[in-house]
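Good morning, and thank you for coming.

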Amino acid sequence: RVRTTLGRITLAAATALAGTATVQAAPAHAETALPTITDDQGRTLILHGLNTASSAKGPTGLPWISRDDVVREARDIGTNSVRYLIQWKNVEPRPGVYDDAYLDEVAKRVAWYGEQGMHVILDMHQDIYGPDACKGAGNGAPAWATYTDGLPCTPQDPWVLTYLQPAVLRAYDNFWNNTGKHPELMEHYAAAWRHVAQRFADDRAVLGYDLMNEPFGGTRQFGFFEGPVLAPFYQRVVNAVRTADRDNWVFVEPQALGPNEGAETSLGTVRDPRPGGPRIVFAPHFYPGGVDLGGSYDGAAKLLVQAQFALWKRNMPAAARRLGAPIWLGEVGGMGQDAPGAADFTGDWLTMADDLTMGWAYWSNDPGSSGVVDGKGNPTLFAKTLARPYPRAVAGTPTRISYSSGTLTVGWKTRPGISAPTELWFPSATPPKVTLTDKPGTWRTQWDATRHVLSVWANPAEPTHTITVH
Ligand SMILES: CN(C)c1ccc(C(=O)NC[C@H]2N[C@H](CO)[C@@H](O)[C@@H]2O)cc1
């Protein structure tokens, strides 16, 4: 385990140095807040959700869940969003032929989240390119788009090392047209996203599209991939999506190798052609020190992971600022509930997200030791730790989110023109006690005991607000 962890970190550190990453002085604390993801009432959304689900990587491209599971999740964990995995192999089973029956099944499950008022981010998921790159080890791409050129491949343990198998490297090199032999594959991918966007553009439950999970550049990495290949690819996909859907948000990820552990990304700017301002979100993942590969958060491993916390907190907001985009943590977690330090690690990344006023999607919503229910349907450690009070929607620009010893503190700057309230979620049905810095008599609250939501209408004449709730 330590070997894996060290291997991962060494690999990440080595690649970080090999890429454009240079260790710069931590930037001065930024004066201006990052842009935020907003709802159709102009409020900032703080998205708390689950990745649903790894089980969608299989032949059906659909996750294990039922409608009741979504009702239970909304009630017990208070999530207001979901990173919902879909598969290119199911969207486009043959070149240019789309499976609308699959998208109907996706839409049915999207509706389960919409009934709970939850926001759905559709994630075109892939790992190790696709099932046909290395004997079923991967997921994502359809067989017809998988060109390994007959190179060998043996699935590896830990699974992440399979990325380095010759057949997998070649499949990616052909997709990115690094070989110059398959310019059509990225075009197909963009057209598939246009088709998905056409289907969900008017679905009120869908907030946006996560264009590719954990991109991998094949034999091109970091500065040779993210700037010259990945950003232009994202631009092509954004342009295609915008011909079908002008308003949903588009989520773009840096490459996984390196940034997942906090290394700098050189992802270039992606422009949004929509009128009315960009709706592009920078969506990195955080997997320090092999915690999702059986690693622990104690002893020497904890020191390594804490070093990667510091790197991530510096490098990812800086990248979002450079891109002029909001930031959202698309994957974090993956640690078994019995791993040493699992509760501390969960508390620390939740605090990091709050400190950055950033939303997140936990990996993952699959029954098991790193899920929110175990294999027997019992709530795990994560069901409890993730279900903590938070602001779901803020009627302005958040300046502070912190939760400690049962007290939630939220600060925000008034954003003119918002009449909808700031909404705070609590795990308990008991109405919380509230103090607000606004002048008494100029603000009001309402408690929804069914949804466990406190709505706060602050005084729009006051420029800033801080609420304390417990
Ligand atoms: C070498 N490369 C390209 C690489 C390394 C490590 C991961 C990874 O652990 N990812 C973390 C989690 N993300 C996926 C789903 O997106 C999960 O299966 C992983 O646990 C990915 C790629």
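This is a predicted model: local features need pLDDT of at least 70, side-chain atom pairs count only at pLDDT 80 or more; totals for chains, interfaces and linings use all residues.

Let me begin with helix α7, residues 226–242. Twelve of its 17 residues are buried, so this helix is largely enclosed by the rest of the structure. Buried means a relative accessible area under 20%, whereas exposed means over 50% and partly exposed lies in between, with a 1.4 Å probe and protein chains only. Helices (H or I, at least four residues) and strands (E, at least two) are DSSP runs, numbered from the N terminus.

Residues are numbered from 1 along each chain as its sequence is written, and side-chain values use heavy atoms, with hydrogens and water left out.

Which residues of α7 are buried? Among them are E226, F233, Y234, Q235 and R242. Contact here means heavy atoms within 4.5 Å.

I turn next to α6 itself. The axes of helix α4 (residues 100–115) and helix α6 (residues 184–200) come within 11 Å and cross at roughly 45 degrees. Axes are lines fitted to C-alpha atoms, for helices over the stretch in contact, and angles run from 0 to 180 degrees between N-to-C directions. The two helices α4 and α6 are therefore oblique to each other; angles under 35 degrees count as roughly parallel, over 145 as roughly antiparallel, 65 to 115 as roughly perpendicular, and the rest as oblique. On the α4 side, D100, L103, D104, V106, A107 and V110 take part, and they meet H195, V196, R199 and F200 in α6. The residues of this contact divide into six nonpolar, one polar and three charged. Ala, Val, Leu, Ile, Met, Phe, Trp, Tyr, Cys and Pro count as nonpolar, Asp, Glu, Lys and Arg as charged, and the others, Gly among them, as polar.

Now to the nonpolar cores. Such a core is a set of buried Ala, Val, Leu, Ile, Met, Phe, Trp, Tyr and Cys residues joined through side-chain atoms within 4.5 Å. The largest has 116 residues, and L122 and W193 have the most contacts inside it. Leaving aside residues up to four places away in sequence, L122 touches W193, V196 and F200, and also V106 and V110, among others. A second, separate core of twelve residues includes I37, L207, V281 and A393.

Strand β11 (residues 390–394) contains R392. Is R392 buried or exposed? With a relative accessible area of 9%, R392 is buried. Among the residues that R392 touches, not counting those up to four places away in sequence, are T44, N80, E423 and W425.

Finally, some details of the backbone. The peptide bond from D157 to P158 is cis, with omega near 0 degrees, and P158 is in the loop between β4 (119–124) and α5. A cis peptide bond also runs from W363 to S364, with omega near 5 degrees. Y129, in the loop between β4 and α5, has a positive phi of about 70 degrees although it is not a glycine. At 4% relative accessibility, Y129 counts as buried.
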